[in-house]
Structures are given as C-alpha cells and as structure tokens.
Amino acid sequence: MTLRTTLRQVALLGAASVALLCASATAQAPKLKVGLMLPYTGTFAALGVAIENGFRLYVGEQGGKLAGRELEFVKVDDESDPAKATDNVNKLIKRDNVDVIVGTVHSGVAMAMAKAAKDNGTLLIVPNAGADAVTGPMCANHIFRSSFSNWQPAYAMGEVAAKRGAKKAVTITWKYAAGDESVKGFREAFEKGGGQVVRELNLPFPNVEFQALLTEIASLKPDAVYTFFAGAGAVKFVKDYAAAGLKKTIPLYGAGFLTDGTLEAQGADADGLLTTLHYGDSLNTPRDNAFRLEYAKAYKLQPDVYAVQGYDAAQMLAIGLKAVNGDLGKKAEFAAAVEKAKIDSPRGAFTLGKNHNPVQDIYLRQVVGKENKVIGVASKQLADPGRGCRM
Amino acid sequence: MTLSWFLVQCLNSLQYGLLLFLVASGLTLIFGIMGVINLAHGSFYMIGAYMAYALAPLVNATLGGGFFTTLMIGLVLAVALGYVLEWAFFSFLYEREHLQQVLMTYGLILVFEELRSILVGDDVHGVAPPPWLAGSVPLGDLMTYPVYNLFISAVCLLLALGMWFVLARTRLGMTIRAGSTNREMVQSLGIDIQFLYRVVFAAGVALAVLAGMVAAPASSVYPGMGNQVLIICFVVVVIGGIGSIRGALLAALLIGFVDTFGKVLFQQAAGVLVYVLMALILLWKPDGLFKAS
C-alpha cells in the first residue's frame, strides 16, 4: 500500500512539475488543480472509480477545460478510513495546494473533509456521502453536495409507506450515523402521514446476523418494515428476509442503497422490492439516455448513481467557475451562481437548497428482473431541511 | 414475549452458536492445539466462501455439478494450500515469539485480500444453495426457517463429534496433543513431528475453508468477510479454553445465546455483550471453561 502510494505521489509530483514548466512556458492561465479524494481500494473502490469517471466524462464533454482553464487532477486514495481522513485532506490542501476538492463516499471521511475545508476556506464538492451534517451544522458557502442527504430518500419512503396505508412500521438498520439519520427521516414523514413506528431495531455495524431481529419483526407483526442497509449487509438482509418468509407477509421498504449494485447477488429474493432514491434504471429521458450512451462508450460500463453524482459535481464546478471567470478567489460570486443555477443532471434537473444540498425528485423504484425500475416520483422536488445550518 | 417467540429465539441461538463453532473449529486446531496465533484464519474462511462462489460454475461445466463434489474439490485445494503455507511460512514460527506470528499472519491477510481483489474483484456475490436444500420449513405462525440453516447446524455437530473423536480417542490425536506440550520429546520418540504438524495445519486450513464454503449460501460472499469473523473466533477459543474441542463448542453455543437474546433484549449494549461474557468467564476461570490438560 505505502509503496504504491509513494510511487504514485512521486509520479504525480513529476507530472506536476512538468505541468508547471509547460504552463510558464506558454504563459497561459495556470491549470486548475482538482483534488480527487475518493476510495480507490477497499469495499467502496468501485464507487470511487465511478465518481471519477462521471467527473471526467463531463470535463471531456467540455473539451477538457472548464471556464477556459485546463484541469490537473491530484488523486488521493482515502481508503474509506476516517482515521486517515484528516491527514489525507490536509495533504491536498497544504502540500498540493489544490483549488477544489471533490470527495468522498464514506460519511465519516466526508465529515473530516468538510471540517478541513471549512477551516481552510477550500472549495469542496461532496459527490456521495449522505451525512446530514455536511449540509447541516457543517454547511458553508464553499461546501456543496451533488448527491443527497440521508434524510431525503428516507423521508420520501415514509410518505410512500403512509400513503400505501401502513399504520404500524418497524425500522431496522445498523447503529451508526447513516442508519440513524435514515430512520429519523422515515419516522418523520411516516408519523406525519398518520402512521406510527412501533419499534426501532438496530444492530452494531457491520454485524450481519439478522435472525434474532427477524424473529422479533415476525412477532411484532407490523404493516411495513423500513430498512437502511448497503453493500454486503443489504445482500444478506434481503436474502434472510425472504428466507424467513416475511417477504410474503410484511412489505419491505428501503432507502435505494438496499438494491443498488447488489441485485446480481440478491437474485430473486429482491424481486418486487420498493426503494426510494434520486436515480434509477430506465428513467428513459432524453438527457439520461444521452448520458448513459456517452458513459458506456467512454468506459465500456453502464453508469450508476455514483457516476451521475460525479458528473454533476463537475457540472456544478463548471457553473461556478464560469460565473467568476475562472477566479476561485471570488467565493461569494461562485456560491451565488451555483445557488441560482438549474443543474441539468441525468437524474432530472435540480437546484441547490440554501444549505447547498440538491432539491430533487426522489423516485420510487421497484426491482424488476435485475433493474431498479423507476415506477414514479415518491416525493417531488424534496429539499433537505438543513437543520443546524447557518450561513 | 410468547413461548413460541422464545423457542424460535432459542433455535436462532443454537444455530448461530453452531455456525460460530464451525468457523472457529480450524482455529481451535491451529491456535488452540498447535499454539500458533493465526490472524489469517479469517482469510482462509474468506477463501472458502469465494471458492464456493467461483468453483460451483466450473464444477457445473466440467463435472456436471454437485454440491458435495464442489465441497470435495475445495477441500483438496485447501489441504494443498495449508500444506504449502506451513512449509513456506508457518514452520519457521513455532519457536518464535507470538509477536512475530502476529506480524506474519497479519501480512498474509493483506496479501490474501489484495489477491482476492485482483482475481475476483470487489463486488458482493450471492451463492445459491443446492436445490434439495433450498426450501424452508414453517415455524408456527411466526415465520419460516430455511432448510439450509438446519443443514449447516448438522454439519457443525458432525464436525464437532469427528474432531473430538480424532483428538481424544485415537493414537494420532494423542501424538498431536503430546506434540503441543513438548515438541522435542515427541520427536525424540521417533515421530516425524514436522510432517505431523504440517498435516494438522493443513487440516486447520481445510476446516476454515470448509466453514467458508458451507456458510457461503447463507452469508453471501464479500470483501473483508474474513476479518468480521476473526475476532469472534478468537473469543470462542479463549472462552472455551485453549485446545479444548468440548470447550470451543460450549463457548460457541454460549456466545450464540448471549448474542441472540442480547440483540433483542439489550439492544444498546448488543455490541459489547459477548466481550462482557468473555471478561466474566476469564475472571471466573482464567484458563477458559475447559483447559486441555
């Protein structure tokens, strides 16, 4: 690991000095330094790559330049390790002097990045991590998010569950920040719609022994179960839920990550599940079709929600840069332009709320075959309340 | 809290406990009896699970499939892997201090994880149970219970019985136990201890791989899965008493019950209950429940 990182850093340093020489020789505007702090190893490696691909796709579409400035990327593998996050982000800010940071996937790492960005006044665009606090208490006029807050899909699902007539619901998740925030969002909307969360079940992260809690659900006999799991936990939970015979009797609702990137592993046990997210398969809009085609051509891969979020992070950067003519010193003008803009995302156009989190349609999706088919809009132009945000 | 709820939770506890024993059985052999601290045990478990995922289609294509055929091929590969690892790395460790064993086996974890990433990628995969075990049985009006989970429990019981028999009742078992107490003495009696230990180590690896292969359909297959079971395996062996099969089985069942009921009744403390149990037992019996004499 260390050797590879060192080699990469040496290579980057070399590239940087060459780039510097070139820039001074031609006396152009200096390149814009973009720090990509994403997971390139570990469980979330595929997500980090998708985000970078999306980002580069948009830059490529603009001819490799944003607001007339060429881009230079400095990459750091954050390993989704919160313990190394502060060091990693400080390297980008202090050593590499990047102009803007894009990252990351893991919420704990993103919190450390938001703090460092706030302390140093560095521009930060978060292309995934959903921690409510990033656009809550940690919000700042130079911190933006192109993805979602944990509250958003959960709140939308609470509305859906209530509308479908459920009165009693049980929630089940891992006991950690993302799970807690998601359950809170669900409870808020579900109880507003006349339902009641009768029990909040949870287990320590990343424990996957669900059997005891499934038995508990069976004995509570709720009308609906809401869950927030992702990755391996999502796969096992969906399979165990079906194996316990609960899928037939108690509808399972989840935040979209329950069935994103996991359908191949979940197989038939996921068929028919309802989830909410700001993106899905077969949206079938001209904008999304064009994006999917371009992405598939460029990377020989189908894009996912992470690629979209990376793509939109680049769009947001481009809009702000254009407004300040490439001069990132003008933070207030940059923020004002991005706040006013309508971002032409493959997910559907969205704007940013006061707290710089997307105000967006949250789709209701159903698993059909191996796809998360969009079957409607669960909540139109849903804005995160941005609790605790003072700008 | 009804009677049927209680009985189902007891079944859950039993089933989880037996699964824990299955996973920890290989460690009982390598750590408990040979005395080598093997942090890579979780990696062997992961290798087993990935074998179940990757071998099944291959076996299907070449030999026409079969759950047990796949298991057998996996086991043969595992014994070979264990044999080579012992020869190349572990045979140098018996006389060394524990810190060096920890360092080397930790290194092996990194190597295996990286190899897994290169060879199979970082995606989560599901493994289908064999069709004849895919059904489920109704359990009162509450829920259904997957037949495969019952199959896992049966495998565990058989394995526990087999291990106990070999170690406690056969000449081979006696030699192994003697070797763990005094290597030189056993050697001086004309027994090829080096070869014997190589075989025991290979058997330990094979047990971990078997656990991974058997557990794969129930637990799915994902990066880092070995690290999740590693700690709990050590807890099982330590609570049970180093080197005792009986102790490991009892400890696994105890943990199964504490974890299952703890998750439901004391949700806030669910993460620490198992370790509280370990601390209490070690206070009461510093050598674990059954220390092998």
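## Contact between the chains

Chain A gives 30 residues and chain B 27 residues to their contact, where two residues are in contact if their C-beta atoms, placed from the backbone, lie within 7 Å. The model is predicted: local features need pLDDT of at least 70 and side-chain atom pairs count only at pLDDT 80 or more, while totals for chains, interfaces and linings use all residues. Residues are numbered from 1 along each chain as its sequence is written, and chains are lettered from A in the order in which they are written.

On the side of chain A that touches chain B, two or more residues come from each of H2 (45-61), E8 (196-203), H7 (211-220), H8 (231-243) and H10 (263-266). Helices (H or I, at least four residues) and strands (E, at least two) are DSSP runs, numbered from the N terminus. H7(A) provides the largest share, eight residues.

## Domains of chain A

Domain 1 of chain A covers 31-148 + 285-356, and domain 2 covers 151-277 + 364-382; the bounds come from an automatic or database domain assignment. Their centres, taken over C-alpha atoms, are separated by 28 Å. Eight residues of domain 1 of chain A contact 10 residues of domain 2 of chain A.

## Strand E10 of chain A

E10(A), residues 252-255, pairs in the parallel sense with E9(A), residues 224-228, over three bridges, and with E11(A), residues 274-277, in the parallel sense over three bridges. Strands pair if DSSP finds at least two bridges between them. A:Gly254 stands opposite A:Thr227, and its bridge partner in E11(A) is A:Thr275.
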